[in-house]
Amino acid sequence: MERLLKRSHFMAPGGIRTTSHGQLADGREVTLFTLENAAGMQVSISPYGGIVTSLIVPDCRGRRDDVVLGFSNLQAYTSREYHDASPYFGALIGRYGNRIAGGSFIIDGTRFALATNEGGNTLHGGVDGFERRLWEARPFREGTGVGLSLILESADGDQGFPGRLSIEVRYTLLAENTLDIRYQAVTTKATHVNLTHHGYFNLEGEGEGNVLDHLLMINADAFLPIDDALLPVGDLRSVTDTPFDFRQPISIGARIETDDRQLLQANGYDHNFVVTQGNEDSETLTLAAVLEAPRCGRVMKVYTTEPGIQLYSGNSLDGSLIGKSGNAYSRYAGVALETQHFPDSPHHPSFPSTLLKPGERYTSNTQYQFSTRADLGLAGVSERA
């Protein structure tokens, strides 16, 4: 496979630890990689699905907690119960994050039928998406960071998508308590690509109730309204005077029960926001969102090169899945902030294009930066990384 990312050979002060994550049904062993920086932040990543299984950061008092939803063993991620629920905890999503209407698209006059897994639509890449693949794992050290590079070859026709797609996703834990995720891909035929990370965050700690009191700021003047199938209707709508105005920090639960048609259709928030100053051709990281847990003081800032960010408030969690802490994950147990191109872009020419052609290179970069209220509050946050 083509080497997509260049790596340096500098040693970092942090560490990389490996443990067994379990065994797949076909006998393949899966190794869990834990990255740790000098400040004590830890990120554990499984090559199965590229899943971030844990993310441990300090709060204002120095207490370290796991702030992402998930499980303590591989079997829970491969169980029928989990696949039926399809929450995609902490996984890499592809080939296409979010939804494609009708499970098909047309490129240069040819219609491609995709695997459908949400009614007649394709969600997060289809029935057998990247979250169910065992990626090749290569740990590395670079500058002051430690990381894990995950590599996957997606065959021509995989889930109906044209072209052999060669993907490399690099997770890097930086010294500044930042998880940096870089995506690159090349294709042999024109195809649509929209990769993302599907982590669910509870900054009070995994399993610690719901996130309705978390303060959220989204750097967006507009969002994409949806229909009953949760597909964008095609226009951009101003957030002004709507429950979707997060331009100033407000709790996630402040307006989630509002009698608003958009909220009722999704049973909460499951909408894509248009990142202000976002540009699909830009390599500049732009502030997309800031999340804060008031009681413990943890703050997470999301920077991205993507034009959109999907806010999903965990509406479908129903208590049937038991997490690492032994607590059931009920509605609103975590919030996902998925940086991505817009849903169903192949059917909306006015949206930023997701088409990747041979000879081109797909690139995307997102950073999750962690701090505490004692270090940095929401006021005066820079819009540039």
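How many bridges pair β25 with strand β26 (residues 335-340), and in which sense? I looked this up first. β25 and β26 pair in the antiparallel sense over 5 bridges. Two strands count as paired if DSSP finds at least two bridges between them. Helices (H or I, at least four residues) and strands (E, at least two) are DSSP runs, numbered from the N terminus.

Notes on the source. I am reading a predicted model, in which local features need pLDDT of at least 70 and side-chain atom pairs count only at pLDDT 80 or more, while totals for chains, interfaces and linings use all residues. Residues are numbered from 1 along each chain as its sequence is written, and side-chain values use heavy atoms, with hydrogens and water left out.

Entry: the sheet around β25. I noted an open sheet of 6 strands in the order β17-β26-β25-β22-β19-β20, with antiparallel pairing. Its edge strands are β17 (200-201) and β20 (237-238), each of which pairs on one side only. Strands of a sheet pair through backbone hydrogen bonds, either parallel or antiparallel.

Entry: burial of β25. Is strand β25 largely enclosed or open? I found that 5 of the 5 residues of β25 (residues 308-312) are buried, so the strand is largely enclosed by the rest of the structure. Buried means under 20% relative accessible area, exposed over 50%, and partly exposed in between (1.4 Å probe, protein chains only). Gly308, Gln310 and Tyr312 point one way from β25, and Ile309 and Leu311 point the other way.

Entry: cores. I looked up the largest nonpolar core and found 60 residues, with Leu55, Phe273 and Phe370 having the most contacts inside it. Strand β13 (residues 165-174) gives the most to this core, with 5 residues. Apart from this core lies another of 22 residues, among them Phe71, Leu74, Ile93 and Leu321. A nonpolar core is a set of buried Ala, Val, Leu, Ile, Met, Phe, Trp, Tyr and Cys residues joined through side-chain atoms within 4.5 Å. I then listed partners of Phe370, leaving aside its neighbours within four places in sequence: they include Met41, Leu55, Val57, Phe201 and Met300. Contact means heavy atoms within 4.5 Å.

Entry: the largest pocket. I noted about 660 Å³ of space in the largest pocket. Of the 35 residues that line this pocket, the closest to its centre are Ala85, Ser86, Pro87, Tyr88 and Leu123. The elements giving two or more residues to the lining are α2 (80-85) and β25, and the largest share, 5 residues, comes from α2. By class the lining has 14 nonpolar, 12 polar and 9 charged residues. Ala, Val, Leu, Ile, Met, Phe, Trp, Tyr, Cys and Pro count as nonpolar, Asp, Glu, Lys and Arg as charged, and the others, Gly among them, as polar.

Entry: cavities. How many cavities of 30 Å³ or more does the structure hold? I found 2. On a 1 Å grid over the protein atoms alone, a cavity is a set of points where a 1.4 Å probe fits but cannot get out, and a pocket is an open set with protein on both sides within 12 Å along at least five of seven lines; lining residues have an atom within 4 Å of a point. The largest cavity has a volume of about 40 Å³. Its lining includes Leu92, Ile93, Gly94, Phe130 and Trp135, and divides into 8 nonpolar, 2 polar and no charged residues. The second largest cavity holds about 30 Å³ of space, and among the residues lining it are Leu55 and Phe201.

Entry: backbone. The peptide bond from Gly94 to Arg95 is cis, with omega near 5 degrees. Arg95 lies in the loop between β6 and β7 (99-100). Tyr332 is not a glycine, yet it has a positive phi of about 70 degrees. I placed Tyr332 in the loop between β25 and β26, where it is buried, with a relative accessible area of 5%. Asn267 also has a positive phi, of about 60 degrees, but is partly exposed at 40% relative accessible area.

Terms used: Points joined across faces, edges and corners; volume = space filled by probe spheres on them.
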